[in-house]
Amino acid sequence: MLLIMIICLIPICQSCYLSISHGRQQEEIRNLLKKEDKEQTAENKKQTAENFPESKTENNKILNKFQNLYQKNSDLAGWLTIVSTEIDHPVMQCEDDEYYLNHNFYREKDKYGCLYVRKSADLDTPGTNFIIYGHNMRDGSMFGSLDEYRNQKFYQEHKIIEFDTLYEERTYEVMAVFVSAIDESEDFKYYQFYQADTEEEFLDFYENVKEKSLYDTGVTAVFGDTFLTLSTCYGNSDRERFVVVAKRLTGS
């Protein structure tokens with residue numbers, strides 16, 4: 001009996017260890033960001049900017065606060081924060097859209113992966129919609145707390161989402177929350193929407209997300225507005241997704 005109990009406890013202990021290790025690693029990365037943002041003097045910033053490479057397409061200067069992290073991993077695309085939640089993580093991007101499903105910020109094999117955008121997301125000349133993907137982890141890490149937006153009270157307390165790319169700081173307001181299927185039978189494929197070149201394309205996305213939303217947020221949008229979409233697994237099916245769509249606030 002004792003042997004059986006020990007065998008049963010092994011995977012539990014392993015999961016706890018991985019969870020604690022992951023939490024420490026994320027805190028280390030956050031501290032690197034905070035340290036860089038807080039400690040750089042005006043002179044340091046000037047010197048860094050003079051000696052630091054421009055963006056991957058040589059169009060923009062990388063924000064000072066990201067420069068140390070970028071040097072550690074040039075796949076860094078930005079940072080996502082929902083204040084007063086566990087969601088406060090770097091966002092990655094590379095040629096292999098599957099890579100950060102099972103690799104951490106330090107490019108080590110890791111079941112937690114990273115938050116990431118697909119290679120088709122243009123960080124230099126932003127399109128109509130950014131889609132950030134992440135695992136729905138049982139311990140609440142990564143996008144493990146995203147589905148708390150099912151509760152309208154939670155939404156009321158967490159309306160604002162901050163997504164800073166390497167080149168600019170942005171603020172968004174949650175507009176819609178819904179569950180969708182990654183299935184050919186699903187008429188509305190939110191995960192294929194990146195750019196609206198016409199008002200018709202814009203309205204097709206906008207009207208669908210508003211119609212599918214679990215509740216009315218009262219947030220509206222017009223052609224020309226841009227969005228941030230957060231997507232994670234949901235429920236027991238590997239085909240279901242929990243989705244939060246937020247509209248960029250003017251001036252942010």
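From the N terminus on, the elements of the protein chain follow the order α-α-α-β-β-β-β-α-β-β-α-β-β. This gives five helices and eight strands, where helices (H or I, at least four residues) and strands (E, at least two) are DSSP runs numbered from the N terminus. The model is predicted, so local features need pLDDT of at least 70 and side-chain atom pairs count only at pLDDT 80 or more, while totals for chains, interfaces and linings use all residues. Residues are numbered from 1 along each chain as its sequence is written, and side-chain values use heavy atoms, with hydrogens and water left out.

Of the 252 residues of the protein chain, 47% count as buried. Here buried means under 20% relative accessible area, exposed means over 50%, and partly exposed lies in between (1.4 Å probe, protein chains only).

## Salt bridges

Side chains of opposite charge can pair when their charged atoms come close. A salt bridge is defined as a side-chain nitrogen of Lys or Arg within 4 Å of a carboxyl oxygen of Asp or Glu. By this rule there are nine salt bridges, and the table lists three of them.

| Pair | N to O distance |
|---|---|
| Asp88 and Arg30 | 3.4 Å |
| Lys65 and Asp164 | 2.8 Å |
| Glu157 and Lys153 | 2.6 Å |

The salt bridge of Asp88 with Arg30 links distant parts of the chain: Asp88 belongs to strand β2 and Arg30 to helix α1 (residues 2–39), 58 residues apart. Arg30 counts as buried because its relative accessibility is 11%.

Lys65 lies in the loop between α2 (42–51) and α3, whereas Asp164 is in strand β5 (residues 160–165), 99 residues apart. Both Lys65 and Asp164 are buried.

Elsewhere, salt bridges that share partners join Lys65, Asp164 and Glu169 into one network.

## Two buried loop residues

Gln93 is located in the loop between β2 (88–92) and β3 (115–116). With a relative accessibility of 12%, Gln93 is classed as buried. Its side chain reaches two backbone oxygens: that of Arg118 at 3.0 Å and that of Ala121 at 2.7 Å.

Asn73 occupies the loop between α3 (67–72) and β1 (76–81). The relative accessible area of Asn73 is 0%, and this residue is therefore buried. Asn73 and Met92 are 19 residues apart in sequence, and their C-alpha atoms are 9.1 Å apart in space.

## A negative surface patch

Asp197, Glu200, Glu201, Asp204, Glu207 and Glu211 form a negative surface patch. Patches consist of residues with over 30% relative accessible area and no salt bridge, with like charges joined within 9 Å and nonpolar side chains (Val, Leu, Ile, Met, Phe, Trp, Tyr) within 5 Å. Asp and Glu count as negative, Lys and Arg as positive, and His and the chain ends are not counted.

One member of the patch, Glu201, is found in helix α5 (residues 199–212). Glu201 is partly exposed because its relative accessible area is 37%.

Technical notes
Accessible areas come from the Shrake-Rupley method with a 1.4 Å probe; for residues, only the protein chains shown count as cover. The place of a charge is taken as NZ of Lys, CZ of Arg, CG of Asp or CD of Glu. A polar contact is a pair of N or O atoms within 3.5 Å; within protein, one must be able to donate a hydrogen and the other to accept it, and residues adjacent in sequence count only if both atoms are side-chain atoms.
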